Amino acid sequence: MTTKFTARGITAILLPLAGLTGLAGAVQAEEWAPTRSIEFIAPANPGGGWDTLVRTTSRVIQSEGLADQNFAAINVPGGGGAVAWAQIANDSGNPHKLFATSPPIILVPLAGTSRYDHTHFTPIARLITDYSIVLVQADSDYQDLNDLFEAMRERPSMSVGGGSAPGSMDHISIAGVASAAGLEASGVNYIAFSGGGEAMTNLMGGHVEAVITGAGEAAGQLGPESDIRALGVSSPERLGGPLAEIATYQEQGIDYTFDIWRGVMGTPDMPAEAVAYYEDLFARMLETDDWQEARDQLGWIDAYQSSEEFGDFLDAQKEEFSGVLTELGLIR
Amino acid sequence: MEALNNLMYGFGIALQPMNIAYVFGGVFAGTIIGMLPGLGPISALALMIPITFAMEPSSGLILMAGVYYGAIFGGSSSSILLNAPGVAGTVATSFDGYPMAKQGMAGKALAIAAYASFVGGTISIVFLMMVAPMLSRVAVAFGPAEYFALMVLGLTAVVSLSDKSLVKGLIAAVVGIMISIIGIDLQTGTVRFAFGTTHLLDGIDFLVVALGVFALAEVFYMLLRGGGGKEPERNAIGSLRLSRREVKEIAGPIGRSSVLGFFTGVLPGAGATIGSFLGYSMEKRIAKDGDTFGKGNIKGVAAPEAANNAACTGSFVPLLTLGVPGSGTTAVLLGALLVMGISPGPAMLVDRPDVFWGVIASMYIGNIMLLVLNLPLIPYIAKILEMPRPLLLSLILIFCMIGVYGMSFSVIDLLFLLGFGLMGLGMRLFGFPAAPLILALILGSIMEESMRRALQISGGDWMVFVDKPISMWLLIIAALSLLLPLVKKVMQRARS
């Protein structure tokens with residue numbers, strides 16, 4: 001609680017300053033514009049969340065004519081992002097290189113497999129967020145989250161599948177909510193699958209008893225005819241569309257929320273005028289019809305933060321994640 | 001009857017002039033992509049997402065599906081001609097396809113690959129159409145324990161893939177498993193055998209190893225034997241025609257491998273590569289002339305080619321009926337469909353029958369196009385073999401390097417390619433077979449992950465592997481396939 005309070009306090013003090021620099025940035029942004037095509041890196045293989053973000057934003061920027069220069073989507077897979085980060089970290093000050101980012105930029109370094117974390121790069125903007133969703137089989141006995149955690153308390157071996165490795169997003173999310181519900185975070189028998197889809201098929205086949213994954217990914221699977229059913233979402237308020245009927249954790253008396261945010265970062269020490277240019281570019285992109293259509297289809301929710309806000313947010317996330325990871329005994 | 005009506009409806013969509021053009025464009029692009037080692041369907045499809053965005057969803061999927069199965073269709077060419085697999089699913093094709101090419105039967109090998117691909121593709125579309133909704137049950141019935149058992153069964157093929165010495169085959173398989181566990185362990189997040197570099201965190205890509213131990217090792221081997229080796233004969237392509245006896249010979253393997261390949265494809269995570277290996281090793285065991293597999297047996301080309309195309313079609317079952325991608329390629333397809341506003345899943349058959357039946361009908365058309373497109377091209381593609389040897393060797397080298405670099409844009413992977421090339425040469429000189437290494441590399445990581453997942457769910461109880469009926473039967477079949485040849489041998493000895 002204390003850390004959150006101070007963070008907010010600092011933001012309050014900095015806000016007027018941020019306004020000033022923002023103004024200055026806007027003036028300078030007139031002066032700076034990219035002079036060649038921008039390398040927009042997805043630190044993963046085609047098909048995943050980062051890749052979709054990079055390709056969707058590049059396409060919208062191009063089709064809406066928001067930038068004079070081309071945004072070239074580039075995949076640099078490896079080490080859950082670590083390979084791309086190592087490359088980008090060595091390209092200090094380059095204003096023509098951006099990359100898509102999300103919680104792994106904090107989690108992977110905490111797990112000790114990347115030398116570089118969010119502090120090495122320049123935050124540009126947070127764009128969107130998704131939330132976690134807890135699923136069980138349609139004919140399961142559990143009607144809400146409290147039933148599930150009650151059962152877990154009695155039978156700790158109960159398996160909960162997720163779409164990512166131990167210590168990564170899905171694991172932190174379920175461990176966090178379990179801990180908020182009064183269980184031991186490390187008491188969850190978390191089974192790592194190589195993707196949310198694989199975790200959900202294992203739930204449909206009855207191989208695991210519950211699954212935690214991204215709400216956007218699960219949305220297409222839910223419905224009256226479906227084999228699976230949702231017990232709760234990690235958002236602060238109810239989600240829209242097909243997910244509107246699913247209660248939040250907080251509605252069920254568990255005070256916990258979890259964001260699967262995605263945003264854009266740039267090379268270390270990117271010039272301020274370039275940061276201002278991109279900040280503004282992405283803010284304008286979020287307003288376009290093209291973007292809003294694609295965003296809704298992909299089940300994303302706008303969650304824009306400017307460079308400054310995003311940087312503070314990342315620091316706060318790191319605090320929170322290291323807390324849960326320490327509880328899980330996964331901090332090395 | 002209902003399926004037939006639906007299919008007619010699907011043809012109504014697939015036969016629209018624009019959609020015919022998309023099928024043709026898709027399979028044509030796919031064939032080319034498949035022929036080039038390294039450049040696989042995944043990256044090609046990712047590049048196409050922006051193009052398909054503005055298209056009608058059924059047309060978009062028709063185009064992208066065409067690229068996918070077109071690539072698997074075309075991938076056999078470089079396996080057969082250069083010993084360099086074009087896509088992961090055609091590694092097994094090179095086991096007999098390349099020896100055939102060396103014996104002056106390249107034309108025949110390519111023709112068999114094309115016919116087998118066509119039949120495998122077509123049989124599996126019929127399956128996809130008739131039983132897809134039911135099959136989604138099969139796909140979810142496979143949990144960690146069942147996958148483990150399936151991988152064990154797959155690994156028993158090491159015995160049939162090690163030609164002369166079983167011990168050397170087993171050693172190669174163990175090395176393959178060791179390579180497969182390099183990188184971050186999914187169950188614990190522990191980094192294994194990465195020697196502190198970020199480049200090994202995701203392990204070594206299977207195609208780097210395959211191109212190294214097959215294609216590059218072949219180049220080294222030819223160099224080592226010296227330029228004094230005889231020039232390739234003129235007209236080394238040979239005839240494309242199959243005799244009636246040959247057609248009869250490959251009909252069985254193609255039929256069986258098509259069915260096996262399709263069901264392997266239905267299982268999420270198994271896919272074309274495993275399907276082709278299972279098809280190959282099954283036929284090798286069944287065949288009376290099994291000992292000539294690996295030396296240019298036509299059945300050894302027919303079986304994996306039928307299986308990999310059937311598996312490719314099979315992988316559409318979990319995608320279209322469950323909305324769950326079973327492989328990297330179908331994951332990209334799923335992403336593209338979501339962007340077009342389609343969420344595949346149980347409801348899609350009802351909500352968007354045009355997409356489901358349109359793409360199925362287009363697959364029939366696409367397979368015919370592939371056959372018509374590929375057969376006349378064979379003599380031209382096979383001309384590659386008539387090149388002077390120094391040119392040919394440099395060409396293989398360039399293909400391998402572009403392929404590997406194109407996958408990861410990493411120079412370090414090129415060094416790995418070189419390393420595996422040298423390893424492959426060493427294995428060849430000392431009589432270690434390369435196929436078990438590749439098989440173990442493919443199956444090893446899935447086997448290990450599934451085993452540990454199953455044990456974590458069961459709380460460490462090993463009985464989980466025999467408590468589940470599917471897993472138990474797969475393990476029994478695996479045990480039998482190892483024991484029966486032994487029993488046979490003992491019986492023979494006892495009799496004599």
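**A histidine, a helix pair and a chain contact**

Hi everyone. Leaving aside residues up to four places away in sequence, A:His96 touches A:Pro34, A:Arg36, A:Ile38 and A:Glu39, where contact means C-beta atoms, placed from the backbone, within 7 Å. This is a predicted model, where local features need pLDDT of at least 70, side-chain atom pairs count only at pLDDT 80 or more, and totals for chains, interfaces and linings use all residues. Residues are numbered from 1 along each chain as its sequence is written, while chains are lettered from A and ligands numbered from 1 in the order in which they are written.

Back to our histidine. A:His96 lies in the loop between α3 and β3 (97–101) of chain A; helices (H or I, at least four residues) and strands (E, at least two) are DSSP runs, numbered from the N terminus. A:His96 and A:Pro34 are 62 residues apart in sequence, yet their C-alpha atoms are 6.8 Å apart in space.

Now, two helices. In chain A, α6 (residues 169–180) and α11 (residues 307–328) pack at an angle of about 80°, with axes 10 Å apart. Axes are lines fitted to C-alpha atoms, for helices over the stretch in contact, and angles run from 0 to 180 degrees between N-to-C directions. Among the residues that meet are A:Ile172 in α6(A) and A:Phe321 in α11(A).

How values were computed. Contact = placed C-beta atoms within 7 Å.
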